[in-house]
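Hi,

Here is the structure I said I would pass on.

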Amino acid sequence: MANNEAKFSVNQPLKTQKLFIGVQIFFRIVAITASVASSWLMITSKQVIDIGGIVLDARYSYSPEFKFLAFTNIVVGCFSLLSLLFLVLVVRQGSNPNHYFFLFLHDLAMMSLVVGGCAAATTVGFLGKHGNSHTGWMQICDNFGKFCNRAQTSVTISYLNLICLSILTITSASKSRKMEA
């Protein structure tokens, strides 16, 4: 019985380490994919309509907030890819608390960028969908449905990215703290 307990305690840290690495790799790949998908959807969202001989168009580039979200997702996707490569190097070198602390700082910075992009794009999206009667801003999504749906999907995917980056931040923080103890 004592032999089984000793065997379990020796294998448990290895299993925990493999689980941590697996979770890190999975969520980093999902974050990269979500960043690319959200950027692509936002950059390609455009619609042209004709209202009584007047041609109107809607593009993401007309809104600084939508451009910020698109470029934020591009930056986060690139840096998440670099962090995935860094994680592979960390696994090969062995466990060092400083490496996990750098991953934590990276994930926190990327999460902060995505929070800012999501907040800005959500605000403009809400105004586009519902307008603001107090300031006289009209809703445009009644006329530009395709554009609004693509922008809304892009923002939704960015929120998925935010969830992935939050999980990565929490797990990296936990791992860097456990390694020092």
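This is a predicted model: local features need pLDDT of at least 70, side-chain atom pairs count only at pLDDT 80 or more; totals for chains, interfaces and linings use all residues.

In general, a packed pair of helices is described by the angle between the axes and the distance between them. Here the pair is α2, covering residues 64-93, and α3, covering residues 97-130. Their axes come within 9 Å and cross at roughly 165 degrees. Angles over 145 degrees count as roughly antiparallel, so α2 is roughly antiparallel to α3. The crossing of the two is left-handed. As for what sits in the contact of α2 with α3, the residues divide into 18 nonpolar, nine polar and one charged.

Leu-87 is in α2, and Leu-103 is in α3. Are they buried or exposed? The cut-off for buried is under 20% relative accessible area. Leu-87 has 1% relative accessibility, so it counts as buried. Leu-103 also has a relative accessible area of 1%, and is therefore buried. If you want some distances to check on screen, Leu-87 and Ser-133 are 46 residues apart in sequence and 50 Å apart in space, C-alpha to C-alpha. For Leu-103 and Arg-177, which are 74 residues apart along the chain, the C-alpha atoms are separated by 12 Å.

Next, the strands. β1 takes in residues 46-51 and β2 residues 54-59; the two run antiparallel and are joined by six bridges.

Now for the core. Which residues touch the most other members of the largest nonpolar core? They are Met-42, Phe-66 and Phe-147, in a core of 14 residues. The elements giving two or more residues to this core are α2 and α4, the latter being residues 145-180. It is α4 that gives the most, with four residues.

Finally, two residues that fall between buried and exposed. Gly-145, which is found in α4, has 24% relative accessibility and so counts as partly exposed. Gly-145 and Lys-129 are 16 residues apart in sequence, and their C-alpha atoms are 9.3 Å apart in space. Val-30 belongs to helix α1, residues 2-43. With a relative accessible area of 21%, Val-30 is partly exposed too. From Val-30 to Thr-171 there are 141 residues in sequence, yet in space the two are 15 Å apart, C-alpha to C-alpha.

That's the lot from me.

Cheers

Key:
Residues are numbered from 1 along each chain as its sequence is written. Side-chain values use heavy atoms; hydrogens and water are left out. Axes are lines fitted to C-alpha atoms, for helices over the stretch in contact, and angles run from 0 to 180 degrees between N-to-C directions. Angles under 35 degrees count as roughly parallel, over 145 as roughly antiparallel, 65 to 115 as roughly perpendicular and the rest as oblique. A crossing is left-handed if the near helix is turned anticlockwise from the far one by less than a right angle, and right-handed if clockwise. Ala, Val, Leu, Ile, Met, Phe, Trp, Tyr, Cys and Pro count as nonpolar, Asp, Glu, Lys and Arg as charged, and the others, Gly among them, as polar. Two strands pair if DSSP finds at least two bridges between them. A nonpolar core is a set of buried Ala, Val, Leu, Ile, Met, Phe, Trp, Tyr and Cys residues joined through side-chain atoms within 4.5 Å. Buried means under 20% relative accessible area, exposed over 50%, partly exposed in between (1.4 Å probe, protein chains only).
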